[in-house]
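Me: I would like to learn how to read a few features of a model. Please take them one at a time.

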Amino acid sequence: MDFQTDELTLQIAQTASDFARRHIKPHMMEWDETQEFPVHIFKEMGKLGLMGVLVPENYGGTGLGYVEYVTIIAEIAKVCGSVGLSLAAHNSLCTGHILAFGNEEQKQKYLPKLATAEWIGAWGLTEAGTGSDAGNMQTTAVKEGDNWILNGTKCWITHGKSADVAVVVARTGEPRAKNNATAFVVGRGTAGFSGGKKENKLGMRASETAEMIFDSCRIPDANRLGKVGDGFKQSLKVLDGGRISIAALALGIAKGAYEAALQYAKERHQFDQPISNFQGISFKLADMATEIMASELLILQAADKKNKGLPMTKEAAMAKYYASEVAVKVACDAVQIFGGYGYTKDFPVEKFYRDSKLCTIGEGTSEIQKIVIAREVLQS
C-alpha cells in the first residue's frame with residue numbers, strides 16, 4: 001500500500017466535502033425531522049459522478065476505484081450519515097451487483113441510468129424472519145415458461161419505496177438447500193411490485209428504509225442475474241464490498257463527531273480555561289483520534305485489496321466491525337464532551353450519535369462480522 005494520498009483522491013475528497021457543506025448541511029436537520037428522502041440531492045450528486053463511482057466510463061460512470069469511493073462516502077457522512085448511507089447502498093449494492101454479475105445487455109440497460117442517478121437503486125436480501133439467516137428466506141421465484149413469478153416481502157430495504165430499479169434475491173430452491181437462491185432485477189412499475197411500510201427510525205432518518213412487496217410479480221428470465229442458484233454466493237461477494245462502504249460511512253460519522261467535539265472543547269471555557277485543558281477531556285480526544293486513524297487504516301487496507309482483486313473477506317469484515325464500533329464510541333464521547341448541549345438538536349453531535357448505531361447493524365451486525373473474521377482466521 002502507498003500511504004501517500006494522491007492528487008486525484010484529494011480533489012475528489014474536496015469535491016464531496018464542498019457539495020456536502022453547500023447542499024446537504026443547510027437542510028439535513030429538516031430532512032431528519034421529517035424523514036424526507038431528498039431524491040433531488042442524489043440527482044445532483046449524479047451530475048458530479050458520485051452515484052456511479054465504480055462504474056466504468058463506457059457505462060456512464062466515473063470509473064474510479066475503492067479508495068476514491070470510500071473517501072467520497074466518508075466526506076459525505078462527516079456532514080450527514082443518512083445521505084452517506086443512501087449513497088453507499090446505491091453504489092455498492094444495487095449498482096455493484098449488476099456491475100459484478102450482470103451480462104453485457106443488462107449492464108448496458110441499467111448501469112448508465114444508475115450511474116447518473118436518473119434511476120435510484122435498491123437491493124433486497126433481508127426479510128422479517130431471516131435477517132442473518134438468509135438461506136431460509138421466504139420470498140420465492142418460480143419459473144413459469146420464460147418468466148419468473150416472485151412472491152414475498154423484503155424488509156429494511158434502503159429506497160424500498162422510492163427506487164426505480166431493485167436487485168432482489170429470491171429463493172428458487174428448498175429452504176436451507178445448497179444454492180437455493182437467485183438474483184433478479186425488478187423495475188418500479190412492474191405489476192405486482194410495490195413499496196410497503198416505511199420504517200420510523202432512531203437515526204439515518206433521511207435515508208428511506210422500507211418494505212418491498214412482491215405479489216405474483218412476473219418478470220422475464222432476461223432479468224435474472226447470473227445462474228439459477230448463484231444468488232446467495234453473489235450476495236456474499238456484494239456484501240464484502242458493501243461492508244467496506246459501511247466502514248467508510250462509520251469513519252465519516254466518527255470524524256464528524258470528533259471534529260465537532262474538538263472544536264467545542266477548545267471554545268468552551270470552564271474555570272477560566274478551555275475544557276480541552278482538562279485531562280478528562282483531552283484523554284477522550286486522544287482516544288477518539290487514535291481509534292479513528294486505526295479505522296481508516298483498516299478501511300484503506302480492505303479497499304486496496306478490493307482494487308487489486310485480492311481476497312478481502314476478512315479485511316472487509318474487520319474494517320466494518322472495528323470502524324462501526326468506533327463510530328458509536330466516538331459519537332457517544334462527543335455528546336459527553338458537549339455535555340447538556342450535546343443532548344440537544346442545536347448541535348450536531350446528537351445526530352451523529354443516533355446515526356452511528358446503524359453502522360453496527362446494517363450489512364451484517366458486529367456479531368456476524370466476528371463470525372466471518374473467526375472463520376477466516378481459523379481457516380488460515
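This is a predicted model: local features need pLDDT of at least 70, side-chain atom pairs count only at pLDDT 80 or more; totals for chains, interfaces and linings use all residues.

Me: How many residues of strand S5 are buried?
Reply: Strands are DSSP runs of E, at least two residues long, numbered from the N terminus, and helices are runs of H or I of at least four. Buried means under 20% relative accessible area, exposed over 50%, partly exposed in between (1.4 Å probe, protein chains only). In S5 (residues 181–187), six of the seven residues are buried, so the strand is largely enclosed by the rest of the structure.

Me: Which strands pair with S5?
Reply: Two strands pair if DSSP finds at least two bridges between them. S4 (residues 165–171) pairs with S5 in the antiparallel sense over seven bridges, and Ala-181 is the bridge partner of Arg-171. S8 (residues 224–225) also pairs with S5 in the antiparallel sense, over two bridges, with Arg-224 opposite Phe-184.

Me: Is Ser-82 buried or exposed?
Reply: Ser-82, in helix H5 (residues 81–101), has 1% relative accessibility and therefore counts as buried. Contact means heavy atoms within 4.5 Å. Leaving aside neighbours within four places in sequence, Ser-82 contacts residues including Met-204, Lys-351 and Asp-355.

Me: What is the angle between helices H8 and H9?
Reply: Axes are lines fitted to C-alpha atoms, for helices over the stretch in contact, and angles run from 0 to 180 degrees between N-to-C directions. H8 (residues 279–307) and H9 (residues 313–338) pack at about 155 degrees, with their axes 9 Å apart.

Note on methods. Residues are numbered from 1 along each chain as its sequence is written. Side-chain values use heavy atoms; hydrogens and water are left out.
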